[in-house]
Amino acid sequence: MRATNGFQILLAIAAVLALGRPAPSAPAPPGVPEEGKPIFEERCAVCHGKQGRGDGPEAPFLSPRPASLISAGTSVKTDAELLAVIANGKPRTSMPAWKDLLTEEQRRHVLAHIRTLVRFGPKSLTPPPPTGP
Ligand code: HEC
């Protein structure tokens, strides 16, 4: 019986260890836009603009200028691509690395907020200028 008990204890320890850590492939929970909005407005809007249009007060003094985060060019990028830029910055631009200033969770919140700046729907569409006669 001794051997069985020892084996059972080992099994219990293994189970606790296995349950104690999240599975490595578990997807990160989605960011919460409402959490990201104040962070964006405090940290990012100075360059990217409150609406993410690349027109923050610092923008005219930067070269290259921050591009619009609501452009198709940014929108088509995956969350993983944009999270990598936010974490590590963008080489040869003034885009800083945020990995030491914002937690991984905060960076996901900020990205979730950026995604909400892109609006689809007839109300947000500006009609094209009328063509000449
Ligand atoms: C000092 C100015 C500055 C600040 C502050 C700043 N950025 Fe940037 N950001 C840039 C510039 C310049 C670029 C490079 C040009 C571009 O891709 O827009 C950039 C690029 C990006 C891109 C990549 C866009 C793409 O399509 O590849 C993302 C995403 C981004 N910034 C998010 C953020 C977030 C989130 C914050 C705040 C936590 C932030 N930025 C703060 C200047 C800034």
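**View 1. Pro64 sits in the loop between helix 2 and helix 3 (72-75).** Helices here are DSSP runs of H or I, at least four residues long, numbered from the N terminus. Ser63 and Pro64 are joined by a cis peptide bond, with omega at about -5°. This is a predicted model, where local features need pLDDT of at least 70 and side-chain atom pairs count only at pLDDT 80 or more, while totals for chains, interfaces and linings use all residues. Residues are numbered from 1 along each chain as its sequence is written, and side-chain values use heavy atoms, with hydrogens and water left out.

**View 2. His48 and Met95 hold on to the iron atom of the ligand as its protein donors.** Donors are N, O and S atoms within 2.8 Å of the metal (3.2 Å for Na, K and Ca); water is not among the atoms, so sites may look incomplete. Look for NE2 of His48 and SD of Met95, lying 2.0 to 2.2 Å from the iron. His48 belongs to helix 2 (residues 33-48) and Met95 to the loop between helix 4 (79-88) and helix 5 (104-117), so the pair ties together parts that are 47 residues apart in sequence. Why is the arrangement octahedral? Because the six donor atoms around the iron subtend angles of 88 to 179°; six donors count as octahedral if opposite ones are over 155 degrees apart and all others between 65 and 115.

**View 3. His48 is buried, but Met95 is partly exposed.** Buried means under 20% relative accessible area, exposed over 50%, and partly exposed in between (1.4 Å probe, protein chains only). The value for His48 is 13%, and for Met95 it's 22%.

**View 4. Ala67, Thr74 and Lys90 each reach an oxygen atom of the ligand.** For Ala67, a polar backbone atom is 2.6 Å from a ligand oxygen. Thr74 uses a polar side-chain atom, also at 2.6 Å, and Lys90 brings a polar side-chain atom to 2.9 Å.

**View 5. Helix 2 gives the largest share of the shell around the ligand, five residues.**

**View 6. Arg92 has a positive phi, near 60°, in a residue other than glycine.** Where is Arg92 found? You'll spot Arg92 in the loop between helix 4 and helix 5. Arg92 is exposed, at 78% relative accessible area.

Methods: Four donors count as tetrahedral if all angles lie between 85 and 135 degrees; four count as square planar and six as octahedral if opposite donors are over 155 degrees apart and all others between 65 and 115; anything else is irregular. Helices (H or I, at least four residues) and strands (E, at least two) are DSSP runs, numbered from the N terminus. A polar contact is a pair of N or O atoms within 3.5 Å; within protein, one must be able to donate a hydrogen and the other to accept it, and residues adjacent in sequence count only if both atoms are side-chain atoms.
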